[in-house]
Amino acid sequence: IDIFIGIPLAYLAFFFRFISRFFFPSSSVSQAPKHILLVKFWGIGNILMLLPAVASLRKTYPESRIDLLTLDINIEAAAAANLFQQIHTLSNRNGAEFLGTTLHALWAVKRAHYDVIIDFEQFARFSTLFCTMIGAPKTIGFSTTGQHREFLYSLTVPYNNTIHMSRSFHQLAEAAGVPTPMKIVPVPLVFSPMEREAFSRRLDSWGIDPSDQILIFHVGTSPNFSLRRWPPERFAQLGQRMLNYTSAKIILSGLEHEQELGQTILSQMQNSCRVLNLCGLLRFNELALLLQRAKVMVCADTAPVHLASAMNRPVIGLYGPNTPVLYGPWGEGSVALYHPGPCSPCITNYNAKIGHCRHPESQGYCMQAISVDEIEEHLRGLLSGDSVFFSGKQP
């Protein structure tokens with residue numbers, strides 16, 4: 001829908017805006033903005049990667065009001081950063097709810113009279129059209145090849161497909177007057193004493209003691225392109241080796257619809273009394289607090305990679321359909337494993353991350369190329385305190 005309706009709507013909006021400027025000249029922002037709206041709808045991981053840009057905006061414009069417009073499923077991640085005065089949300093659970101919340105959010109943000117809007121979406125026309133309808137004096141967004149939307153922004157930043165996404169997001173903030181940093185570092189998330197106490201009780205109910213060594217295997221991915229998953233039988237093999245090698249407890253995490261996937265992995269392991277299948281049972285703040293207790297996480301290309309970075313925990317990220325150059329872990333001590341085939345990456349910001357596996361040998365071949373042995377080697381290095389160097393591209 002965004003492609004087939006969004007593109008003609010973008011050109012139509014450009015035409016009407018071009019005509020309207022003859023009758024209603026737009027104002028400009030000549031001083032420090034008083035009200036800034038940031039827009040990012042899709043991806044909890046993306047929300048976490050744009051937080052350094054928000055922190056830089058907050059430092060550069062300490063007197064400015066900085067708000068966020070996002071999907072309601074992202075609100076816990078955004079609120080935990082403690083950087084936004086207000087978070088406006090849309091819901092995309094069904095068409096009627098999406099339409100209703102979109103109209104409500106549009107009314108709310110237009111009343112706020114934002115001076116600057118920064119759109120962090122890499123390719124979606126919907127966010128560009130939404131920003132155009134708000135009508136702020138200054139709008140900033142990506143100019144992404146082939147997306148037909150850059151002409152609706154007042155200022156664009158060329159999308160760079162060779163740098164980490166956190167760096168790309170920061171370049172949008174730099175276009176708004178923020179200095180360029182030498183290095184992008186994750187923004188730590190903040191949780192209240194009440195949340196921590198409630199989570200401690202949850203750990204007790206699961207039989208996890210403060211002295212337990214914890215390894216987290218995030219075994220699933222978001223519903224978009226499930227071929228990003230590492231094979232479940234390999235998670236089981238890796239878990240069995242770790243149970244034999246350490247006294248750690250292994251926690252399987254994932255989304256609600258991945259409970260059966262976690263159970264499949266659990267059923268293939270011995271000593272399963274030290275393995276907990278918590279797929280679908282962890283809220284965002286609970287996974288974050290669990291990561292803070294964990295020694296390391298093993299995770300495919302999905303949001304918990306970036307949550308681990310934000311919680312300052314090492315993560316072994318597994319990549320195939322997507323590239324760690326853009327979306328790899330960026331916390332200290334992390335590693336990205338990636339054995340690209342001739343068709344990798346197949347989900348990109350140029351094809352709206354709608355991919356189809358074209359490898360001639362098998363579906364998901366690139367993820368199958370990551371062996372149990374190499375992950376075990378990195379895990380042992382982390383557990384023994386040996387250095388593990390990031391093998392992707394640091395932001």
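Two strands are taken to pair if DSSP finds at least two bridges between them. Helices (H or I, at least four residues) and strands (E, at least two) are DSSP runs, numbered from the N terminus. The model shown in these views is predicted, with local features requiring pLDDT of at least 70, side-chain atom pairs counting only at pLDDT 80 or more, and totals for chains, interfaces and linings using all residues. Residues are numbered from 1 along each chain as its sequence is written, and side-chain values use heavy atoms, with hydrogens and water left out.

**View A. The open sheet from S7 to S12.** In the order S9-S8-S7-S10-S11-S12, 6 strands form an open sheet with parallel pairing. Strand S9 (275-277) and strand S12 (335-338) each have a single partner strand and stand at the edges, so one side of each is left without a neighbour in the sheet. From one strand to the next, the twist averages 15°. Strand S7 (residues 214-218) and strand S10 (residues 296-300) run parallel and are joined by 4 bridges; Leu215 stands opposite Val296 in S10.

View B. Axes are lines fitted to C-alpha atoms, for helices over the stretch in contact, and angles run from 0 to 180 degrees between N-to-C directions; contact means heavy atoms within 4.5 Å. H8 packs on the sheet, where it touches S7, strand S8 (249-253), S9 and S10, and its direction makes about 175° with that of S7. H14 also packs on the sheet, touching S7, S10, strand S11 (315-319) and S12, with its direction at about 165° to that of S11.

**View C. The crossing of H8 and H14.** The axes of helix H8 (residues 232-245) and helix H14 (residues 372-384) cross at roughly 35° and come within 10 Å. The crossing is right-handed (the near helix is turned clockwise from the far one by less than a right angle). Among the residues in contact are Arg234, Arg241 and Tyr245 of H8 and Asp373, Glu376 and Arg380 of H14. By class, the contact has 7 nonpolar, 1 polar and 5 charged residues (Ala, Val, Leu, Ile, Met, Phe, Trp, Tyr, Cys and Pro count as nonpolar, Asp, Glu, Lys and Arg as charged, and the others, Gly among them, as polar).

**View D. The open sheet from S1 to S6.** Here 6 strands form an open sheet in the order S3-S2-S1-S4-S5-S6, and the pairing is parallel. Strand S3 (87-90) and strand S6 (155-158) are the edge strands, each pairing on one side only. The twist averages 20° from one strand to the next. Strand S2 (residues 65-71) is joined to S3 by 4 bridges, and Leu69 has His88 in S3 as its bridge partner.

**View E. The crossing of H2 and H6.** Helix H2 (residues 44-60) and helix H6 (residues 165-175) have axes that come within 8 Å and cross at roughly 35°, in a right-handed crossing. Residues that meet include Met49, Leu50 and Leu57 in H2 and Phe169 and His170 in H6. The contact divides into 8 nonpolar, 4 polar and no charged residues.

**View F. The cavity.** The structure holds 1 cavity of 30 Å³ or more (on a 1 Å grid over the protein atoms alone, a set of points where a 1.4 Å probe fits but cannot get out, with lining residues having an atom within 4 Å of a point). The largest cavity has a volume of about 70 Å³ (the space filled by probe spheres set on the points, which are joined across faces, edges and corners). Its lining includes Phe225, Cys343, Cys346, Cys357, His359 and Cys366, and comprises 8 nonpolar, 3 polar and no charged residues.

Notes. 1 Å grid on protein atoms, 1.4 Å probe; cavity = no way out; pocket = protein on both sides within 12 Å on 5 of 7 lines; lining within 4 Å.
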